[in-house]
Amino acid sequence: MKKNILFVLPLMLMGFVLTSCETDEIKSESVITADSYVKNNFDKWLEVNYVNPYNIDFKYRYEEIESDYNYYTVPANMDNAIVMAHILKYLCMETYDEVAGIEFTRANFPKMFYLIGEWEYLNNGSYILGTAEGGKKILLAGINYLDYVLGGKWGEKENVAENLNHYYIKTIHHEFTHILNQTRDYPTSFQEVTGASYVNDSQFSEPYSSAYLKRGFISAYAQTEPKEDFAEMVAEYVTHTPAWWEAKMQAADTMWEEDLDQTLTGRVLIEQKLDIVRAYMSETWNIDMDQLRDCILRRQSNLTAGLVELYDLTVE
């Protein structure tokens, strides 16, 4: 008898809810908005650390208009947003301050970061970590998983730095490279190195998902199209150690048997593209990629060693 009561009660409540909804106007727009709010300590910290020095708007409150309507999105967890704000400032903006000068960062970094809690999932089994829009905005997704990454819950503790890179930091450098390219385009010679080998949306399907190094690409995603390839070259290089890069080059130091027209090893192709990327960053933006990498790795080591305060919202 108790089971029947427990079973019927939800149905009765459901009937009440459905009946009540019949007279309400159902809107397609989100009811979550950030139109009006009282500034909290985080907002005041952002004003001092993002708005004043860089004129960057760091949006962590959910705003439907800033989201992509093609995906189901959710708000970012506030605690994770606070941590991400510290990480982006320390590992990204201040890195370029140190290597290229704060005026470079002010002039070229996007004027808005927009955070959402979930990644944007695609039909091919992959998901979007972030996007850059018109050189003015970077959307960073999956913020609600940041505590899992930093807590070592996705892999052992020694993988925290790599996971942080994979899901977030590499994405920022990748998207920032797009912004630099939109401001001053990269040489057409870059796409000529592996011009016939881009595979668009098949990059995560076999055989491409496992043969990308042999084919002359530093990542599977780099096989999408030239502009993604260029951004991946920069992001992968500056966020990894020389030993990591050399291990990739050794794995690429062979031919892809399935392409009879490929006359060079993957290593040679990648290194040809790297030379073009290096020259572009140096001649166009006066940035030494090795110096940038050293700076990022030093700061990354400090962060994962617990030497960077990620929750402090003190302002002077």
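**Entry 1: a pair within one helix.** I started in helix H11 (residues 266-285), where Arg-267 and Glu-271 sit four residues apart, which means about one helical turn separates them. For me a helix is a DSSP run of H or I with at least four residues, while a strand is a run of E with at least two, both numbered from the N terminus. The side chains of Arg-267 and Glu-271 form a salt bridge, at 2.9 Å from N to O. I call it a salt bridge when a side-chain nitrogen of Lys or Arg is within 4 Å of a carboxyl oxygen of Asp or Glu. Arg-267 is buried at 18% relative accessible area, whereas Glu-271 is partly exposed at 30%. My cut-offs are under 20% relative accessible area for buried, over 50% for exposed, and partly exposed in between, with a 1.4 Å probe and protein chains only.

A note on my source: this is a predicted model, where local features need pLDDT of at least 70 and side-chain atom pairs count only at pLDDT 80 or more, while totals for chains, interfaces and linings use all residues. Residues are numbered from 1 along each chain as its sequence is written, and side-chain values use heavy atoms, leaving out hydrogens and water.

Another salt bridge joins Glu-236 and Lys-170, at 3.6 Å from N to O. This pair links distant parts of the chain, as Glu-236 is in helix H9 (residues 226-238) and Lys-170 is in helix H6 (residues 160-183), 66 residues apart. Buried or exposed? Both Glu-236 and Lys-170 are buried.

I also found a network of salt bridges linking Lys-89, Glu-94, Glu-98, Arg-298 and Arg-299.

**Entry 2: H3 and H12.** Next I looked at helix H3 (residues 78-100) and helix H12 (residues 289-304), whose axes come within 10 Å and cross at roughly 150°. H3 is therefore roughly antiparallel to H12. The axes are lines fitted to C-alpha atoms, for helices over the stretch in contact, with angles from 0 to 180 degrees between N-to-C directions. Angles under 35 degrees count as roughly parallel, over 145 as roughly antiparallel, 65 to 115 as roughly perpendicular, and the rest as oblique. The contact (heavy atoms within 4.5 Å) includes Glu-94 and Glu-98 of H3 and Arg-298 and Arg-299 of H12.

**Entry 3: H2 and H3.** Helix H2 (residues 41-54) and H3 have axes that come within 12 Å and cross at roughly 20°. H2 and H3 are therefore roughly parallel to each other. Among the residues that meet here are Phe-42, Trp-45 and Leu-46 in H2, and Met-84, Lys-89 and Glu-94 in H3.

**Entry 4: Tyr-168.** My last stop was Tyr-168, which lies in helix H6. Tyr-168 is buried, with a relative accessible area of 0%. Leaving aside residues up to four places away in sequence, Tyr-168 touches several others, including Met-84, Trp-119 and Leu-140. I also looked up Gly-130, which is 38 residues from Tyr-168 along the chain, with 8.2 Å between their C-alpha atoms.
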